[in-house]
Each structure stands twice: as structure tokens, then as C-alpha cells.
Amino acid sequence: MIKSLGHLCFRTHQLPVMMAFYRDVLGLTVKFSLKHDDGTEFGYYFAAGNTTFIEIFDDAGAVKQWGGENRTLKPNQGTFYNHFCLEVTGLEAFVARLEAMGVKVRPIAVGMDHSKQAWINDPDGNAIELMEYTPQSLQL
């Protein structure tokens, strides 16, 4: 039986930029980092509520640690997934804060599920839905 989503994992060629976005812009806390034997960090786990995380690895660091080949990623192209969603409270205030930090946010709308939503992209181009449930939200 599935209990919950554990984590999403992204590999990137710009770990410092992605780390700053998820920590400083979105405000997620770094729960822990993963380090090579020499102490260099190559991955971070960002706490996203309860025991759910967003995991981001430097591509070259992941190859160094576990083998395999470097992935060819095109900047700002994202990956072959559609999006992930972060549940937020106070969507309007959160969007205003993001916009003040220079993040491009698509206008808030109400989706088919009757939840409020706004959309952003991380520095690698991965789509992120910001959702605030309403009393009419089908999820509830």
C-alpha cells in the first residue's frame, strides 16, 4: 500500500542556481545534503512538507558517486515530465513575494478542480504548479 509521495528527483548542471531557487526563492529548507568522500556536496534534499522532499543532484557529481553517464540537458528545457505541484497557503501573497524577487508567475486562475493555481518554472525550466485548495476543491 502506498503511504505518500516520498520525493521528486532532478539532476542539473547548475546546482548552486537550483539550490538558491528552491531554498531562497521558494523558501524550502535543506533537510540534508549528500557529499562525496572528499566532503564536496553534490545533492540536496529540500523538505516539502511532512516526509516529502525535492531532491536535486549535480549531474556530474551523481555520475562521480554512482557511475553512469552525464546527461545531456538543454538549459531551460526541463525534463520529460509535465509538472509537479506544491500546495501553498496565501497564494496571492506568495505570488506577490515571488514576483518581487523577479520570478515570472503566470496569473492566478481557478482550475477544473476548483483550486486556485499559479505556475512558475525553476531555473532549469521545470514547471511548478502552486496550488491553494478552496472549500470547493475536488481534492478535499
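**Terms and their cut-offs**

Mentor: Let us begin with Asn50, which is placed in the loop between β3 and β4. The model is a predicted one, in which local features need pLDDT of at least 70 and side-chain atom pairs count only at pLDDT 80 or more, while totals for chains, interfaces and linings use all residues. Residues are numbered from 1 along each chain as its sequence is written, and side-chain values use heavy atoms, with hydrogens and water left out.

Trainee: What makes a stretch a helix or a strand, and how many of each are in the protein chain?

Mentor: Both are DSSP runs numbered from the N terminus, where a helix is H or I over at least four residues and a strand is E over at least two. By that rule the protein chain has three helices and eight strands, and from the N terminus their order is β-α-β-β-β-α-β-α-β-β-β.

Trainee: Why does Asn50 count as exposed?

Mentor: With a 1.4 Å probe and protein chains only, buried means under 20% relative accessible area, exposed means over 50%, and partly exposed is in between. Asn50 has 83% relative accessibility, so it falls in the exposed class. Its phi is also positive, near 50°, although the residue is not glycine.

Trainee: How do you know whether Ser137 is buried or exposed?

Mentor: Ser137, in the segment after β8, has a relative accessible area of 5%, which means that it is buried. Leaving aside residues up to four places away in sequence, Ser137 touches Asp113, His114 and Ser115, where touching, or contact, means heavy atoms within 4.5 Å.

Trainee: Which class does Glu41 belong to, and what does its side chain contact?

Mentor: Glu41 lies in strand β3, and at 40% relative accessibility it is partly exposed. The side chain of Glu41 makes a polar contact with the side chain of Ser33 at 2.8 Å, and the residues that Glu41 touches, not counting those up to four places away in sequence, are Leu15, Ser33, Leu34 and Lys35.

Trainee: What makes a group of residues a nonpolar core, and which members touch the most others here?

Mentor: A nonpolar core is a set of buried Ala, Val, Leu, Ile, Met, Phe, Trp, Tyr and Cys residues joined through side-chain atoms within 4.5 Å. The largest such core has 26 residues, of which Tyr22, Leu26, Ile54, Leu98, Ile120, Ile128 and Leu130 touch the most other members. Two or more residues each come from α1 (15-25), β3 (41-47), β4 (53-58), β5 (84-87), α3 (91-100), β7 (116-121) and β8 (127-132), and α1 gives the largest share, six residues. In soluble globular proteins, nonpolar side chains tend to be buried together.

Trainee: Which residues of α1 are buried, and what follows the helix?

Mentor: Leu15, Met18, Met19, Phe21, Tyr22 and Val25 are buried in α1, and the helix is followed by Gly27, whose phi is positive, near 85°.

Trainee: Which residues of α2 are buried, and against what do they pack?

Mentor: In α2 (residues 59-66) the buried ones are Asp59, Gly61, Ala62 and Val63, and they pack against β1 (7-12), β3 and β4. At the start of α2, a side-chain oxygen of Asp58 comes to within 3.3 Å of the backbone nitrogen of Ala60.

Note on methods
Polar contact = N/O pair within 3.5 Å; in protein donor to acceptor, adjacent residues only side chain to side chain.
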